[in-house]
Amino acid sequence: MRKRTSSSTSQSKYPFLTAHSEGVLIRVRLQPRSSRNQVEGVHEGSLKIRLTAPPVEGEANRSLIEFLSDITGLRKSAFSISSGHKSRDKSVLASGAAIGDMEKVFSEILP
């Protein structure tokens, strides 16, 4: 059994997950107006997500939070967009989440 160093507790095997004092930060590359809602994979260190919602009046942001809630099992109120409100590249905070739990969720989704 390998001993974990203190730096590995905040790092994840997924480049888009980062431990945060309040939970886990998820870096997302969003593609709105897609044909369906899905996780596309990892794109340049971010989780690429396609959503059917248009990027109008925060609709894509609301859909992103709902989609992340559905795939992780966390309540919608646990998610907040910490940066990138009007950008395709976003940071989403999953409050109260553990990085190990998020890794498990994404290991079942990603190849």
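Visitor: In which loop does Arg33 lie?
Guide: This is a predicted model, where local features need pLDDT of at least 70, side-chain atom pairs count only at pLDDT 80 or more, and totals for chains, interfaces and linings use all residues. Residues are numbered from 1 along each chain as its sequence is written, and side-chain values use heavy atoms, with hydrogens and water left out. Helices (H or I, at least four residues) and strands (E, at least two) are DSSP runs, numbered from the N terminus. On that numbering, Arg33 lies in the loop between β2 (23–31) and β3.

Visitor: What phi does Arg33 have?
Guide: Most residues other than glycine have a negative phi. Arg33 is not a glycine, yet its phi is positive, at about 55°.

Visitor: Is Arg33 buried or exposed?
Guide: Buried means under 20% relative accessible area, exposed over 50%, and partly exposed in between, with a 1.4 Å probe and protein chains only. Because its relative accessibility is 58%, Arg33 counts as exposed.

Visitor: Where is Glu57, and is this residue buried or exposed?
Guide: Glu57 is not a glycine either, and has a positive phi of about 50°. Its place is in the loop between β4 and α1. With 73% relative accessibility, Glu57 counts as exposed.

Visitor: How many bridges join β3 to β4?
Guide: Two strands pair if DSSP finds at least two bridges between them. Strand β3 (residues 38–43) and strand β4 (residues 46–50) run antiparallel, and the number of bridges joining them is five.

Visitor: Which residue in the hairpin of β3 and β4 takes a positive phi?
Guide: Two residues stand between the strands of this hairpin. The residue with a positive phi, near 50°, is Glu44.

Visitor: How many salt bridges does a search of the whole structure find?
Guide: Side chains of opposite charge can pair when their charged atoms come close. A salt bridge is a side-chain nitrogen of Lys or Arg within 4 Å of a carboxyl oxygen of Asp or Glu. Over the whole structure, the number of salt bridges found is two.

Visitor: Are Arg29 and Asp89 buried, partly exposed or exposed?
Guide: Arg29 has 26% relative accessibility and so counts as partly exposed. Asp89 has 39%, and therefore counts as partly exposed.

Visitor: Which residue forms a salt bridge with Arg50?
Guide: The closest N and O atoms of the pair are 2.7 Å apart, and the partner is Glu40. Arg50 lies in strand β4 and its partner in strand β3, so the pair ties together parts 10 residues apart in sequence.

Visitor: How many bridges pair β5 with β6?
Guide: In β6, Leu93 is the bridge partner of Ser80. The two strands form a hairpin with five residues between them, and Gly84 in the turn has a positive phi of about 90°. Strand β5 (residues 79–83) and strand β6 (residues 89–95) pair in the antiparallel sense, and the number of bridges is four.

Visitor: Which residues does His85 touch, leaving out those up to four places away in sequence?
Guide: His85 lies in the loop between β5 and β6 and is partly exposed, with a relative accessible area of 48%. Its C-alpha is 7.2 Å from that of Asn61, although the two are 24 residues apart in sequence. Contact means heavy atoms within 4.5 Å. With residues up to four places away not counted, His85 touches Asn61 and Lys90.

Visitor: Is Ser91 buried or exposed?
Guide: Ser91 is found in strand β6. Among the residues that Ser91 touches, not counting those up to four places away in sequence, are Leu25, Arg27 and Ser82. Its relative accessible area is 17%, so Ser91 is buried.
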